[in-house]
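This briefing goes through one protein chain, from its overall layout to single residues. Please have the sequence and the 3D view open while reading.

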Amino acid sequence: MTTKEKEAEEEFEKILFGLRETYKNLVKFKREKNSPIIVSENGKIVELDPFSVPDELPPDEEDESKSTT
């Protein structure tokens, strides 16, 4: 792996970490305010109960394969 590829992978990991933290903070905030989470599902706007969504995003398949090897 070249230095440039390694840097890109590290940056990608940081971005994923930030997105996961943002999701956790969003869910926490919405639960505190008892406010629905607004998302788009199949092109339609949908309100989700903040207590019906997971606390954290599930790990993606690559994360799981890294932790088992």
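What share of the contacts in the protein chain with a separation of 6 or more comes from residues 24 or more positions apart? Such residues account for 39% of those contacts, where a contact means heavy atoms within 4.5 Å. This is a predicted model, in which local features need pLDDT of at least 70, side-chain atom pairs count only at pLDDT 80 or more, and totals for chains, interfaces and linings use all residues. Residues are numbered from 1 along each chain as its sequence is written, and side-chain values use heavy atoms, with hydrogens and water left out.

**Overall layout**
- The protein chain has two helices and two strands, which run α-β-β-α from the N terminus on. Helices (H or I, at least four residues) and strands (E, at least two) are DSSP runs, numbered from the N terminus.
- Of the 69 residues of the protein chain, 10% count as buried. Buried means under 20% relative accessible area, exposed over 50%, and partly exposed in between (1.4 Å probe, protein chains only).

**Helix 1**
- Helix 1 covers residues 3-33, 31 residues in total. From its first C-alpha to its last, helix 1 reaches 45 Å, close to the 45 Å expected at 1.5 Å a residue; the expected span is 1.5 Å times one less than the number of residues.
- The buried residues of helix 1 are Leu16, Tyr23, Val27 and Lys30. These buried residues pack against strand 1 (37-41).

**Loop residues with positive phi**
- Asn34 is not a glycine, yet it has a positive phi of about 50 degrees. Asn34 is exposed, with a relative accessible area of 57%.
- Asn42 lies in the loop between strand 1 and strand 2 (44-48). Asn42 has a positive phi of about 55 degrees although it is not a glycine either. At 81% relative accessibility, Asn42 is exposed.

**Val46 in strand 2**
- Val46 belongs to strand 2 and is partly exposed, at 23% relative accessibility.
- Not counting residues up to four places away in sequence, Val46 touches Ile37, Ile38, Val39 and Glu41.
- Val46 and Pro36 are 10 residues apart along the chain, and 9.3 Å separates their C-alpha atoms.
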